Structures are given as C-alpha cells and as structure tokens.
Amino acid sequence: MSPTTPDTPTAQAAAALARDAAPAFLVNHSYRTYLFGAALVKKDVDHEAGFVAAMIHDLGLTDAHRGDADFGEVGAELAARFLGERGWDREHIKLVERAILRHTRLIPDGSPTARVVQLGAQIDVAGRGMKKLDEQALTGILRAYPRLDFARQMRAAYLDEAQRQPKGSFAKLERSVRLSERFTNNPIDRVA
C-alpha cells in the first residue's frame, strides 16, 4: 500500500510554497521524495515534519530562493522562517532543518524523520534503495507524480549548484561518487 501525504494546514502551505517557487519536475520530485521515504521508514516518523522537509528541501535551487550559500542551507533557513511564522516550536523546526541539511549525506541519518527525506531523495535521484520498495507502491507513486524529464533537468540544476558552490554538498557528492553520471542511469526510469 502506498503512503499518503499529510493533510494539515502546514503541509498544504508547504506544498503551495513548493508549487509557487519550483518547476513541476522539482515539485513532483519533492512529493516522490516524501512518499518513497515514508514507504520505507515506518517507525517514529513525524510525518508532517518529514513532508514539509521534503517539499522545501530543494527550493534553494530555484530562482525564487537561490542564495549565496549551499542550497541545503538556504532550504533549511527557508523552512525555519516558514515554520516559525506558523508557530512551530524550535524542536520541531530543528527536525525539519536537520532533514533538509542531511538529505545529501550517504551515511544513514539516525533521525527517522530525516531518513524519510534522505532515503526518498536517494531513490528518486539515483535509484539507491529502490528494490526495497513494494512494487505497487513504487508504480503508484510514479503514476501520481510522474518524473517529467526529471533526470535531465535535475542533473543540470545539480551541476549548476556544484559549480556555484564548490564547497557545497553537491560538489562534494560529485567529487566522491560522480552523482551526475547516475541521473541518466537511474533504474527508476525503466519503471516509469
């Protein structure tokens, strides 16, 4: 069975924020990130926080929110302001910030909520961990949120960010695992 997205006012506002700032391929990636991760991480997850983190995690790559810092730092700061305006307490805000800041790390994060974003992004970007997903959940998520030329467009955004931020997380990933080569070889595109 496929997971569903939280239906809280804050979750809806985070989805609207993403839709207003990002192109459709990136919005769908954010939904898939949450849903893939939520399908795998089932215990001790704050689903509202995980969904908000997934919807905001890449907004630092958009024209509307791009800054002078690494895109993850920009996204975490954006999330903190967004949630602070909604009255979230500091501990919940830190949970979202952590999920955004650590989603590009290859070593598993200890926080289940952060793992949702980390695992979901790894599956959607490179297919890493895809075989752990139930086949029905995988195809259902891809049908609901199609890839929309994700590999080509995200690879371009990734390489641009790596060049703009040579000490940032994407540049580190490129140096360590040549992630740019994995965008177009993602096995998930053979399912979609």
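**Group meeting: a walk through the core and the loops**

Hi everyone, let's begin in the middle: the largest nonpolar core has 61 residues, and those with the most contacts inside it are Ile 56 and Val 96. By nonpolar core I mean a set of buried Ala, Val, Leu, Ile, Met, Phe, Trp, Tyr and Cys residues joined through side-chain atoms within 4.5 Å. Buried is under 20% relative accessible area, exposed is over 50%, and partly exposed is in between, with a 1.4 Å probe and protein chains only. Helix α2, residues 24–40, gives the most to this core, with nine residues.

A word on what you are looking at. This is a predicted model, where local features need pLDDT of at least 70 and side-chain atom pairs count only at pLDDT 80 or more, while totals for chains, interfaces and linings use all residues. Residues are numbered from 1 along each chain as its sequence is written, and side-chain values use heavy atoms, with hydrogens and water left out. Helices are DSSP runs (H or I, at least four residues), numbered from the N terminus.

Back to Val 96. Which residues does Val 96 contact, leaving aside its neighbours within four places in sequence? They are Ala 49, Val 52, Ala 53, Ala 79, Leu 83 and Trp 88. Contact here means heavy atoms within 4.5 Å.

Next, a helix pair. Two packed helices are described by the angle between their axes and the distance between the axes. Helix α1 (residues 9–21) packs with α3 at an angle of about 5 degrees, and the axes are 9 Å apart. That makes α1 roughly parallel to α3, since angles under 35 degrees count as roughly parallel, over 145 as roughly antiparallel, 65 to 115 as roughly perpendicular and the rest as oblique. For the method-minded, axes are lines fitted to C-alpha atoms, for helices over the stretch in contact, and angles run from 0 to 180 degrees between N-to-C directions.

Who meets whom? From α1 come Thr 10, Ala 11, Ala 14, Ala 15, Leu 17 and Ala 18, and they meet Glu 48, Phe 51, Val 52, Met 55 and Ile 56 in α3. By class, the contact of α1 with α3 has nine nonpolar, one polar and one charged residues. In that scheme Ala, Val, Leu, Ile, Met, Phe, Trp, Tyr, Cys and Pro are nonpolar, Asp, Glu, Lys and Arg are charged, and the others, Gly among them, are polar.

Still in α1, have a look at Ala 21. Ala 21 is buried, with a relative accessible area of 17%. Not counting residues up to four places away in sequence, Ala 21 touches Leu 59, Thr 62, Ala 64 and His 65. Ala 21 and His 65 are 44 residues apart in sequence, yet 7.6 Å apart in space, C-alpha to C-alpha.

That leads us to Thr 62, in the loop between α3 (47–56) and α4 (71–85). Is Thr 62 buried or exposed? With a relative accessible area of 4%, Thr 62 is buried. Its side chain reaches the backbone oxygen of Leu 59 at 2.7 Å. Beyond its neighbours within four places in sequence, Thr 62 is in contact with Ala 21, Ala 22 and Leu 26.

Now for the other end of the chain. In helix α9 (residues 169–177), the buried residues are Ser 169, Phe 170, Ala 171, Leu 173 and Glu 174, and they pack against α4 and α8 (150–164). In the segment after α9 sits Ser 180, buried at 4% relative accessible area. The side chains of Ser 180 and Glu 174 are joined by a polar contact of 2.7 Å. A polar contact is a pair of N or O atoms within 3.5 Å; within protein, one must be able to donate a hydrogen and the other to accept it, and residues adjacent in sequence count only if both atoms are side-chain atoms.

Last stop, backbone angles. Most residues other than glycine have a negative phi. Just after α9, Arg 178 takes a positive phi of about 50 degrees. Asp 44 also has a positive phi, about 60 degrees; Asp 44 is found in the loop between α2 and α3 and counts as exposed at 67% relative accessibility. Leu 148 has a positive phi of about 50 degrees, lies in the loop between α7 (135–144) and α8, and is partly exposed at 40%.

Key: Helices (H or I, at least four residues) and strands (E, at least two) are DSSP runs, numbered from the N terminus.
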